[in-house]
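Here's a quick briefing to read with the model open beside you.

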Amino acid sequence: MPFKKVAFITGITGQDGSYLAELLLQKGYEVHGLIRRASTFNTARIDHLYTDPHDIGTRLFLHYGDLSDGARLVTLLSEIKPQEVYNLAAQSHVRVSFDEPEHTGDTTGVGSMRLLEAVRLAGLHCRFYQASSSEMFGATPPPQDENTPFYPRSPYGAAKLYSYWVTKNYREAYGMYAVNGILFNHESPRRGETFVTRKITRAVARIAAGQQHELFMGNLDAIRDWGYAAEYIEGMWRMLQADQPDDYVLATNVGYTVREFLETSFSHVGLKWDDYVRFDERYLRPTEVDALIGDATKAKTELGWTPTVDGLQLAKLMVDADVEALAHEGRPWIDTVKLDSWTSKKNAALGVD
Ligand code: NDP
Ligand code: GDR
């Protein structure tokens with residue numbers, strides 16, 4: 001029997017978790033994902049990857065748990081014994097972190113420490129990836145790289161900074177192979193609908209189809225370095241394959257304003273953005289991050305990682321996917337998948353039907 005690598009992913013139901021699960025399965029890994037119990041299904045992004053665990057050859061397994069429950073994390077890691085742990089779970093919305101600062105601190109911040117501590121208590125010698133963020137740079141002007149001083153501007157950014165430092169501390173204190181991927185904004189057709197890019201491209205598709213007539217937005221002057229999530233996942237994996245643990249920025253090195261993303265998205269379907277976009281102050285943040293533009297030279301040099309899709313190409317790619325999604329009940333990424341029997345198979349496997 002060939003040696004099979006085992007990975008554990010928190011946040012597997014999110015944008016990045018779903019791409020990472022796909023990549024690791026393609027590479028032959030056995031993949032275990034942490035999912036939260038919810039009153040509605042939250043697994044749409046990974047439905048197409050699921051096979052019944054009773055089937056021979058199944059390599060994706062889902063487990064209930066939460067980053068707020070440290071004992072559960074110890075139990076799971078002791079049972080699964082992964083070689084690689086990817087901590088992608090978080091309350092990941094910056095605007096929402098101002099509404100729920102305590103919850104954000106508990107999951108996005110302390111949750112990472114719970115997972116690191118669970119790795120330690122379970123006695124694992126695994127490799128650990130922490131999903132750190134360009135939001136940690138906050139008010140420090142671009143370009144930002146691994147040596148740029150941090151200045152977070154939100155409870156989310158501050159919580160991510162705690163996770164960043166605790167990851168570094170476990171590396172130094174316990175000799176753990178623990179790394180921070182400091183990722184700039186990365187998007188895709190699987191992006192959550194309330195992040196600015198997906199909010200725009202989804203609205204463009206609906207406006208073009210006559211299903212929506214206005215789009216309410218906040219600060220259009222913010223500059224972001226938007227890359228394609230599927231490419232960033234490859235960079236995460238490469239960080240855990242390196243000889244030595246280290247921290248890396250992943251970015252395209254090019255920034256665009258929200259306004260430029262709007263212009264490109266609307267003009268891609270032959271519309272003028274300012275005919276539809278309206279201002280709503282509810283989408284402003286108490287403190288804004290004006291400009292994030294990364295410098296990913298280190299990842300290019302040491303990991304051989306280079307992104308190929310820039311922010312405006314991404315806008316077109318996402319508009320095309322959302323136009324397509326309207327014809328596929330809002331699920332562009334599961335085009336080839338049969339949904340009918342999946343839910344009942346998954347529930348049976350989790351013992352909840
Ligand atoms: P998403 O918001 O799409 O996914 C977040 C994931 O975390 C979901 O699976 C969610 O579960 C899970 N989650 C939330 N709270 C908990 C909790 N308390 N316990 C267990 N799981 C939880 O984020 P992305 O995929 O976009 O991002 C992945 C990670 O990378 C996040 O940590 C994010 O902060 C970070 N990041 C993202 C960047 C980006 O541009 N996308 C850039 C830099 C960092 P559920 O589906 O049940 O809600
Ligand atoms: P961000 O992403 O805060 O950078 O965090 P988001 O897409 O939410 O905002 C980007 C910029 O767009 C401006 N903006 C709006 N944003 C939203 N969501 N909705 C609007 O209507 C709107 N109008 C203008 C924002 O003010 C902001 O300047 C993302 C998340 O994925 C984090 O988890 C991750 O860590 C960082 O990227 C890097």
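Asn253 sits in the loop between strand S11 (248–250) and strand S12 (256–257); helices (H or I, at least four residues) and strands (E, at least two) are DSSP runs, numbered from the N terminus. This is a predicted model, where local features need pLDDT of at least 70, side-chain atom pairs count only at pLDDT 80 or more, and totals for chains, interfaces and linings use all residues. Residues are numbered from 1 along each chain as its sequence is written, chains are lettered from A and ligands numbered from 1 in the order in which they are written, and side-chain values use heavy atoms, with hydrogens and water left out.

- Most residues other than glycine have a negative phi, and most peptide bonds are trans.
- Asn253 isn't a glycine, yet its phi is positive, about 75°.
- Asn253 is partly exposed, with a relative accessible area of 39% (buried means under 20%, exposed over 50%, partly exposed in between, using a 1.4 Å probe and protein chains only).
- Lys81, also not a glycine, has a positive phi of about 50°.
- You'll find Lys81 in the loop between H2 and S4, and at 51% relative accessibility it counts as exposed.
- Pro142 and Pro143 are joined by a cis peptide bond, with omega about 0°.
- Pro143 belongs to the loop between strand S5 (127–133) and helix H5 (155–174).

**The two sides of helix H2**

- Helix H2 (residues 70–80) has Leu73, Leu76, Leu77 and Ile80 as its buried residues.
- They cover an arc of only 95° around the axis, so they're on the same side of H2; the arc is that of the directions from the helix axis to the C-beta atoms.
- An α-helix has 3.6 residues a turn, so residues three or four places apart point the same way.
- Strand S1 (6–10), strand S3 (60–64) and helix H4 (101–121) are among the elements covering the buried residues of H2, with contact meaning heavy atoms within 4.5 Å.

**Around ligand 2**

- Ligand 2 is surrounded by 22 residues, and the closest are Ser92, Ser133, Tyr156, Arg285 and Glu288 (a heavy atom within 4 Å is what counts).
- An N or O atom in the side chain of Tyr156 is 2.5 Å from an oxygen atom of ligand 2.
- Taken alone, ligand 2 exposes 700 Å², and the protein buries 96% of that (Shrake-Rupley method, 1.4 Å probe).

Technical notes: Polar contact = N/O pair within 3.5 Å; in protein donor to acceptor, adjacent residues only side chain to side chain.
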